Amino acid sequence: MTKDAENVQRETLKKILEENGSAEYLQNLGLHGRTDPESFKACVPLVTHQDLEPFIQRIADGPPASILTGKPITNISLSSGTTQGKPKFVPFNDELMETTLQIFRTSYAFRNREFPIKNGKALQFIYSSKPSRTKGGLFAGTATTNVFRNSQFKNAMKAMQSQCCSPDEVIFAPDFHQSLKGVLSSRITFSSVRSAMAKLLKPNPELADLIHRKCSGLSNWYGLIPELFPNVKYIYGIMTGSMEHYLKKLRHYAGDVPLLSADYGSSEGWIGANVNPKVPPESTTYAVLPNIGYFEFIPLKVNAEERVQDKVDASFISMEPKPVGLTEVKVGEEYEVIVTSVAGLYRYRLGDIVKVMGFHNSTPELKFVCRRNLMLTVNIDKNTEKDLQLAVEEAAKLIAEEKHEVIDFSSHVDLWTEPGHYVIFWEISGEVRDQVLEECCNCLDRSFLDAGYVSSRKVNAIGPLELRVLRRGTFHKILDHYLGLGAAVSQFKTPRCVGPRNHKVLEILCDNVAKSYFSTAF
Ligand code: AMP
């Protein structure tokens, strides 16, 4: 399939438009049955979630109708909504389920070729979100919850030796803290969880002693995972993007066990599979599967020649970005991803930035870079989630020398002060001396290398960076806050940059500041 990605893309678009041509949204765009990419691009506008919100809301409110898709949508997914601070509704259907399984099967096949698990099994940690119903009666949960609930899920996972080991009651438990079982303590109060687990857990003092001995023999928990599971082949999970910060910790627990980053997708639809599982997570790429959606890419860097041309034809300059097709992307360039999905999204700006690292046959292999709008900016400066992560990594080296680590971090642009300045929030594993934290604060300030930032700092158009150290447990409070809004632990992403409208998260952060420092680096 990847050998002929261009044609597969044409066919995929044709299939999507044929199946959904009768939907109200497409009917109004004047395609008149045409399914070729050229007509599609000419008639269908690029949209954001905000543009589609009224359509999705009508789907959620009912009654069932052919609004975005030919067949009415039956489930709603709640995306994590990390950026806006509230979950977004996106449509979910059987076709999206099928593409999910395809991605799972594909990456499993590549993984199993490199790391065969033979008769082994996978121990999976999966958690659903709190289920709810929309006004129109549609089931609403996170996309992963919709996947776990689907009748096809269990059989498909069995076929790839990845059965779930927890009873459904635990996976779908009303409170995830109670799903983290072990000894069935009095803390587990939901009777459904108690009775499901009571059937499985028997006291086993010898095993308990063995585990105790093994754990006592570890130095600072290094290599815990292979100690408890001596036959473990690898550890699999999303380890790129906003998860990259946790890699160091995971590697510590994993010892020599290989870490494999899982696939790239979103509630809106899947994008690529990790087909090079031996590559370490820091360098993982995702090969786009050309039949799971129709993909376009907005180049972030308009090439110089085009700019000159635009000047000549000044009257024709259009502000509308010009996306390129899947097979037209260039190695080394960065793009914003546009998805046309099997679940009723057409030319939808996903909001992710990716970099093309190479090709697998004729389909690109993408590296996830960052979310487009998670951006620290006061005036002419632009720092992305990735820039923030690099700055934090650099400054964290200073506390690593003191045998401490940054458990989690976030950021915010404070425009209440004049001039505005960056605020970085850190939760640290223990007490660190003020002098070291002052150095960390200076190091953070110096580590944002963006020319706009450096020049603004030099003339004090951006104020000194502020490092706020949080009390232990603050990020758990943020997790709990999102779970309360309907997020699922399996899909939760720590917000790395908190906007001014995300009041609740900002309040949690600001209410838990133990100490704060201002940079003297400039
Ligand atoms: P959600 O819809 O809540 O599942 O969030 C989807 C978003 O998570 C994507 O748009 C990406 O920004 C991010 N994401 C998903 N998969 C990956 C991955 N493999 N690496 C990095 N970020 C990812």
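In this predicted model, an open sheet is built from eight strands, arranged in the order β7-β8-β9-β14-β13-β12-β10-β11 with antiparallel pairing. The edges of this sheet are taken by β7 (264-266) and β11 (324-325); each has a single partner strand, so one side of each is left without a neighbour in the sheet. Further in, strand β8 (residues 269-273) and strand β9 (residues 286-288) run antiparallel and are joined by two bridges. Ala-273 has Ala-287 of β9 as its bridge partner.

In soluble globular proteins, nonpolar side chains tend to be buried together. The largest nonpolar core here comprises 69 residues, and Phe-104 and Phe-297 have the most contacts inside it. Helix α5 (residues 94-114) makes the greatest contribution to this core, supplying seven residues. Another core, of 30 residues, lies apart from the largest one; Val-392, Ile-428, Leu-437 and Cys-441 are among its members.

The surroundings of Phe-297 can be described in more detail. Leaving aside residues up to four places away in sequence, Phe-297 touches a set of residues that includes Lys-322, Pro-323, Val-324, Gly-325 and Leu-326. Tyr-335, Glu-336, Val-337 and Ile-338 are also among the residues that Phe-297 touches, as are Val-354 and Leu-366.

A further example of burial is found in helix α10 (residues 191-198), where Val-193, Ala-196 and Met-197 are buried. These residues lie on the same side of α10 because the arc they cover around the axis is only 90°. An α-helix has 3.6 residues a turn, so residues three or four places apart point the same way. The elements covering the buried residues of α10 include α8 (168-171) and α9 (176-179).

Key: Residues numbered from 1 in each chain as written. Predicted model: local features only at pLDDT ≥ 70, side-chain atom pairs only at ≥ 80, totals over all residues. Heavy atoms only, no water. Core = buried A, V, L, I, M, F, W, Y, C linked by side-chain atoms within 4.5 Å. Buried < 20%, exposed > 50% of the residue type's maximum accessible area, 1.4 Å probe, protein only. Helix = DSSP H or I, 4+ residues; strand = E, 2+ residues; numbered from the N terminus. Contact = heavy atoms within 4.5 Å. Pairing = 2+ DSSP bridges. Arc of directions from axis to C-beta.
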